[in-house]
Amino acid sequence: QVQLVESGGGLVQAGESLALSCAASGNIFSINAMGWYRQAPGKQRELVASITSGGSISYADSVKGRFTISRDNAKNTVYLQMNSLKPEDTAVYYCNARRTLYVITDYWGQGTQVTVSS
């Protein structure tokens, strides 16, 4: 099993910044991608940003240029720096770790609320 512990999040005004972090522990062997998803009320969970162990990064179009994902492999931690936040960024943000060894296995954090007021 893999445990993901998230920190950060909270309530900010539009235009402000927040940082999220997610520390992975447990059986992290062959975890080759970590990332952040979000789910707003009444909407499906969507990918925000991901980063592979090799450093390949992808972002949702809606956050490009505003959010930055990074990873500290030594600490098994992934970070999400969110700048220029908008009310539409309001959601529960979930950390994800993915193992692709024979089959794809996803692990999830408990989620952290990000609320952006206008």
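Start by selecting C22 and C95: a disulfide (a pair of cysteine sulfur atoms within 2.5 Å) joins them, with an S to S distance of 2.0 Å. In general, a disulfide is a covalent bond between the sulfur atoms of two cysteines. The structure holds 1 disulfide, so once you've found this one, you can move on to its details. The torsion about the S-S bond of C22 and C95 is about -85 degrees, which means the disulfide is left-handed. Now show the strands (DSSP runs of E, at least two residues, numbered from the N terminus). C22 lies in strand β3 (residues 18-26) and C95 in strand β9 (residues 91-101), so count along: this pair links distant parts of the chain, 73 residues apart.

A quick word on what you're looking at: this is a predicted model, where local features need pLDDT of at least 70, side-chain atom pairs count only at pLDDT 80 or more, and totals for chains, interfaces and linings use all residues. Residues are numbered from 1 along each chain as its sequence is written, and side-chain values use heavy atoms, with hydrogens and water left out.

Are C22 and C95 buried or exposed? Both are buried. Here buried means under 20% relative accessible area, exposed means over 50%, and partly exposed is in between (1.4 Å probe, protein chains only).

Next, stay on β9 and select A91, which sits in that strand. A91 is buried, with a relative accessible area of 2%. Which residues does A91 touch, leaving aside its neighbours within four places in sequence? Its contacts (heavy atoms within 4.5 Å) are R38, Q39, A40, T112, Q113 and V114. Try the distance tool too: A91 and Y37 are 54 residues apart in sequence, yet 9.5 Å apart in space, C-alpha to C-alpha.

β9 and β10 run antiparallel, joined by 6 bridges; two strands pair if DSSP finds at least two bridges between them. Click R98, and you'll find its bridge partner D106 in β10.

This hairpin has 1 residue between its strands, and Y102 takes a positive phi near 70 degrees there. Most residues other than glycine have a negative phi. Y102 is exposed, with a relative accessible area of 83%.

Last stop: S30, in the loop between β3 and β4 (31-39). Its phi is also positive, near 70 degrees, and S30 isn't a glycine. S30 is partly exposed, with a relative accessible area of 25%.

Note on methods:
Helix = DSSP H or I, 4+ residues; strand = E, 2+ residues; numbered from the N terminus.
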